[in-house]
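Thanks for making the time today.

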Amino acid sequence: MGRLSFDKLKVFFFGKPEEQTPKPNDTKADDTEEQAFAIPNTNRHPWGDFSILQNLTPERMAQILNDVKRGECPAEYLELAHDIELKDLHYRSVLSTRKDAITGLEIKVVPASEDKRDVELAEAVERDIVKNGNAKIYALIRDMLDALAKGFSVNEIIWDTDKTPWKPKAYKYRDARWFQYDKETGKTLMLRAPLGNELEPLRPFHFVVHEPHLISGNQITAGLALPALYFWMLKSYDVTSWAAFIDRYGYPIRIGKYGKKATEQDRATLKRAVAAIGQDFGAVIPESAQLEIIESKHASETSNVYKTMADWIDKQISKLVLGQTMTSDDGASLAQSKTHEEVRQDIADSDIQQVVETLNTALTIPYINLNFGEQENYPKIDLYKPDEKNIEQIIAAVEKLGPQGLKVKADEVRSILGLANPDEGDEVVGGRLEYAAPLPGGEPGEPGKPELNAERGAAPDADALDALIDESASGYVQISDDIAAVIEKAADTATDFESFRGELEKLVKNWPPDKIAECIAVAAFKARALGDAEFDKEE
């Protein structure tokens, strides 16, 4: 399919002008008008009062969850799902851990093939979507993962159509309470009308709707908040009772005793002392009065019942969200922790695949279709975690095999290391040194310019070359006596090759620069001369 005209695209993509719904008090709604915007005091009000959780009873929660299962009233459930994430520290922590496992990954674009056209499409996706700093794709992915708790998440794409190619200008998270699944099938997510019970279909190419497949059945019941709410209610009652118990029995009982002859003023003084001693840790009482503090022998044992219950509930939440408890609750051995991490990685891998599928379905394909027409195959946005071991192996292979003739692309190495190509004028570190070896009996040539045989004058004497070749083949290198002494001393001390190298490094650490230069010059000259001799033979 060829590229569509932008007039036809606007009609298909945004609808006819009369079909567009302008914002209130806005008479200049353009083609990029948002569809899911907040309207105060309607079904799409921007603020939640969060009063449901404050007055929630087991009976009320059961009624809400039953309504959710029937698809009748998900808005209250979605508000509860958000509220417990705000108020339960453990639930929020493990949920954030699962999200961080995805948002901490790197993003790359994989072309459909090595064909030039497919590579160009992949580069366009990388430029206009992945590296689009204004739209912020990592924030989009984070907001997409809100679906883990609620069963779905919605982000509206704001397209920049002022110039070609069209690209996302922003991704706006939309409150889940503004949406509801259709009552006929329970499969299609729709937008609530501002007033009444009507549902509006979502415009194509305008929304990134993420619906993770966490459980089979209706999507609205797939969120982790559904089972978490039950455990949250148990924990809420447990912690409330725990706080009341501590308030009543966590402090020792204070008893004041007064004698038969105590006056009304003595009794009032003793009463004030008993009340104040819990706060001031001191009191003044008449000499004839007595004050006794009685500690409960079983208070700590009873208190542990509440703690045990709260810990058990937190572990169930960890199993629900992470699939394990070792990394969040139990400090066990390293081997056990690694085993549980693998289970957690299985869950993360599933989340990654589903996020990737949503990104490509809701973002990559619309971008390609709108700008380049329909394609038989599309580039793919992918999430990955660089393998540190693989990086070390690759760098070691390049270092060892490079001198043996292995050639690799510098761009590929930079990509593995996460480095960008330096632009002109950038301050750089590293790079290949440019130098020319000194010519026999003459001055060094131009830096970076290879010297030709014709520029070097007469070839060395054949007998000298033969002697040089024989000398190199035998491994003999002429060195001065003091250098030889250093090598001999290192050899006498060493027990193997590694220790020999270590001793040699110690002995040459404080060598004067002229000795180091001498060794380098001899080795470089011999290697260069040997290469010239072999070249002349081939000629």
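Before the helices, a word on terms: an axis here is a line fitted to C-alpha atoms, for helices over the stretch in contact, and the angle between two axes runs from 0 to 180 degrees between N-to-C directions. Please keep in mind throughout that this is a predicted model.

With that convention, helix H5, residues 89-103, and helix H7, residues 137-144, have axes that come within 10 Å and cross at roughly 145°. The crossing in which H5 passes H7 is right-handed. On the H5 side the contact is made by Ser96, Lys99, Asp100, Ile102 and Thr103, while H7 contributes Tyr138, Ile141 and Arg142.

In the open sheet I want to show, 3 strands are arranged in the order S4-S5-S6, and the pairing is antiparallel. Strand S4, residues 179-181, and strand S6, residues 199-200, stand at the edges with a single partner strand each, so one side of each is left without a neighbour in the sheet. Between S4 and strand S5, which covers residues 189-192, there are 3 bridges, and if you look for Tyr181, you will find that its bridge partner in S5 is Leu189.

Now to the loop residue, Ala112, which is placed between strand S1, residues 106-110, and helix H6, residues 116-130. For Ala112 and Glu376, the separation is 264 residues in sequence, against 9.4 Å in space from C-alpha to C-alpha.

Finally, the whole protein, which has 18 helices and 10 strands. Of its 539 residues, 32% are buried. When we take contacts between residues at least 6 apart in sequence, 65% of them join residues at least 24 apart. The protein exposes about 34,100 Å², and carbon and sulfur atoms supply 53% of that area.

Technical notes
Residues numbered from 1 in each chain as written. Predicted model: local features only at pLDDT ≥ 70, side-chain atom pairs only at ≥ 80, totals over all residues. Heavy atoms only, no water. Helix = DSSP H or I, 4+ residues; strand = E, 2+ residues; numbered from the N terminus. Pairing = 2+ DSSP bridges. Buried < 20%, exposed > 50% of the residue type's maximum accessible area, 1.4 Å probe, protein only. Contact = heavy atoms within 4.5 Å. Areas by Shrake-Rupley, 256 points an atom, 1.4 Å probe, with all protein chains shown as cover. Left-handed = near helix turned anticlockwise from the far one by under 90°.
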